Amino acid sequence: RRPRMAKEKRKAASIGAESSKKSTRTKSRNSKGGLGAVLSADNSRKLAYASFVLAIAIGLSALHGIYLSNLFENDRFFSHLSTLERELSFRTEMGLYYSYYKTMVRSETFIEGLGHVINDNLTEYPDTINTLKRFNLYPEVFLAFSFRFYSNLASWRGISTKDCFTINRGYGQPPVESCTGFGDETYFYVYSIFGLNGILAGLFFIMSVYMSGSILGGVLSVASFFYNHSEATRVMWTPPLRESFAYPFLFIQMFCVTWTLRTEVARLKHVIFIAIASVLFMLPWQFSQFALLTQTLSLFGVHVLGYLGSTRLLLITAGQAIALLINYVLQFGNAMLLTSYFGPCLVSVLLILLCDSTWKRINNRFLVTIIKVGLLSFGTLTLKYFLSIAFQLSDDAHIGNILKAKFGL
């Protein structure tokens with residue numbers, strides 16, 4: 001009897017163990033399923049929130065683009081001017097930039113027009129200069145190519161791209177023909193610029209939402225932008241100027257830098273995004289390097305105060321340095337990019353950051369701050385001096401004179 005009772009007990013124990021294992025597996029499956037459902041719901045909410053923010057940003061961009069075009073139209077009455085009058089409305093250097101766009105649009109082929117721009121013997125006759133290198137004309141190259149492609153595609157599809165009508169001037173003046181629509185080269189040029197700058201409002205909104213963590217922060221930022229619109233941009237009065245093409249990319253570059261500063265771990269992808277945005281900002285505008293110089297100095301100041309680690313600043317500076325080199329190549333070796341204050345400042349910051357292990361051995365933080373600031377100032381000025389001598393350039397000497405006058409030096 002005893003062996004039989006022992007067998008029955010062991011059998012009952014094994015059955016209980018199996019049932020407990022099954023119940024444990026069932027509970028773990030239910031817990032995993034519940035966690036997956038929570039994560040899926042959380043991802044869905046994040047996607048819906050991001051889509052809502054993006055939709056608002058697109059709407060604000062369209063509204064800002066329309067606002068810019070209306071301001072320009074009310075000021076110039078552009079839609080009722082003849083082609084010649086529209087071209088005459090581009091004063092000062094604006095007419096010069098537009099003339100290169102017009103050359104590429106009206107040439108027999110795009111390549112032929114681009115050749116006229118690269119080998120220009122009219123602007124500084126009798127000398128032949130590369131105006132693409134001298135005047136940062138990549139926006140005109142892109143717009144001319146886009147206009148020719150758009151016109152050829154519309155012609156092939158039989159689509160009407162412009163509406164022409166006769167304007168009766170009155171007062172004894174002869175009537176003139178005026179055309180509106182993207183099939184008109186002047187209209188295409190101006191309103192493409194307004195379309196690009198229209199995204200400024202959307203960029204303000206997205207960046208403010210990202211930094212504040214709320215849609216209300218984005219709304220307040222955009223409201224402030226529109227309230228101070230005349231101080232924030234002048235693209236509605238001077239579309240062809242270089243900063244009109246560069247300004248939106250400045251905010252994209254700033255967003256990439258902010259993203260790098262706020263992310264948990266900065267990686268190579270952050271360097272790539274900063275480099276791309278910086279190239280797009282630098283290519284259209286010859287003075288963009290000075291804006292990036294102030295950014296670099298500000299970040300270095302935050303680093304010296306101990307609020308920004310060496311690794312993050314090294315990645316941001318590396319992205320800016322890569323952009324500077326790419327821009328130097330794309331602008332046919334424009335030596336002014338290397339001899340300005342921006343290039344030597346980047347080199348000085350990179351060298352200081354690479355010696356980070358040395359600074360950690362010094363326990364006196366104030367002394368380290370003085371040394372870093374002194375090395376940055378000495379390295380930037382010295383390197384710029386020798387580069388200017390090596391390349392025999394002093395094109396930006398007036399910038400130094402302005403700074404000296406400003407600080408009474």
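Reader: Hello! Where in the chain is Asn136 found?

Author: Welcome! Asn136 is found in the loop between helix 5 and helix 6, the latter covering residues 138–157. One thing to keep in mind throughout is that this is a predicted model.

Reader: Why is Asn136 called buried?

Author: Buried means under 20% relative accessible area. Asn136 has 3%, so it counts as buried.

Reader: And why does Glu124 count as partly exposed?

Author: The middle class lies between the buried cut-off of 20% and the exposed cut-off of 50%. Glu124 has a relative accessibility of 29%, so it counts as partly exposed. It is found in the loop between helix 4 (110–118) and helix 5 (131–134). Setting aside residues up to four places away in sequence, Glu124 touches Ile129 and Arg134.

Reader: Which kind of peptide bond joins Tyr125 and Pro126?

Author: Most peptide bonds are trans. The one joining Tyr125 and Pro126 is cis, with omega at about 10°. Pro126 has its place in the loop between helix 4 and helix 5.

Reader: How do you know that the length of helix 10 agrees with what it should span?

Author: Helix 10 has 21 residues, 242–262, and at 1.5 Å a residue they should span 30 Å. Its end C-alpha atoms are 31 Å apart, which agrees. There is also a kink of about 25° in this helix, centred on Pro248.

Reader: Which residues have the most contacts inside the largest nonpolar core?

Author: They are Phe205, Met282, Phe300, Leu313, Phe342 and Val349, in a core of 47 residues. Helix 10 gives the most to this core, with 7 residues. Apart from it lies another core, of 34 residues, including Phe90, Met94, Tyr101 and Leu241.

Reader: What is Leu313 in contact with, leaving aside its neighbours within four places in sequence?

Author: Leu313 is in contact with Leu299, Phe300, His303, Leu308, Val349 and Leu353.

Reader: How many aromatic pairs does a search of the whole structure find?

Author: The search finds 26 aromatic pairs. One example is Tyr101 with Tyr189, whose ring centres are 4.7 Å apart.

Reader: Why is the pair of Tyr101 and Tyr189 called tilted?

Author: Planes under 30 degrees apart count as stacked and those over 60 as edge-to-face, with the rest tilted. The planes of Tyr101 and Tyr189 are at 35°, so the pair is tilted. Tyr101 lies in helix 3 (residues 93–106) and Tyr189 in helix 7 (residues 185–212), so the pair ties together parts that are 88 residues apart in sequence. Tyr101 counts as buried at 0% relative accessibility, and Tyr189 is buried with a relative accessible area of 0%.

Reader: How do you know that the charged end of Lys384 sits over the ring of Tyr341?

Author: The distance part of the test asks for NZ of Lys or CZ of Arg within 6 Å of the ring centre. The charged end of Lys384 sits 4.8 Å from the centre of the Tyr341 ring. Arg242 lies over the face of Tyr97, at 3.9 Å from the ring centre. The test also asks for a position within 35 degrees of the ring normal.

Technical notes: Residues numbered from 1 in each chain as written. Predicted model: local features only at pLDDT ≥ 70, side-chain atom pairs only at ≥ 80, totals over all residues. Heavy atoms only, no water. Helix = DSSP H or I, 4+ residues; strand = E, 2+ residues; numbered from the N terminus. Buried < 20%, exposed > 50% of the residue type's maximum accessible area, 1.4 Å probe, protein only. Contact = heavy atoms within 4.5 Å. Expected span 1.5 Å × (residues − 1). Bend = angle between axes of the 7 residues up to and from the residue. Phe/Tyr/Trp six-rings, centres within 6.5 Å; stacked < 30°, edge-to-face > 60°. Core = buried A, V, L, I, M, F, W, Y, C linked by side-chain atoms within 4.5 Å.
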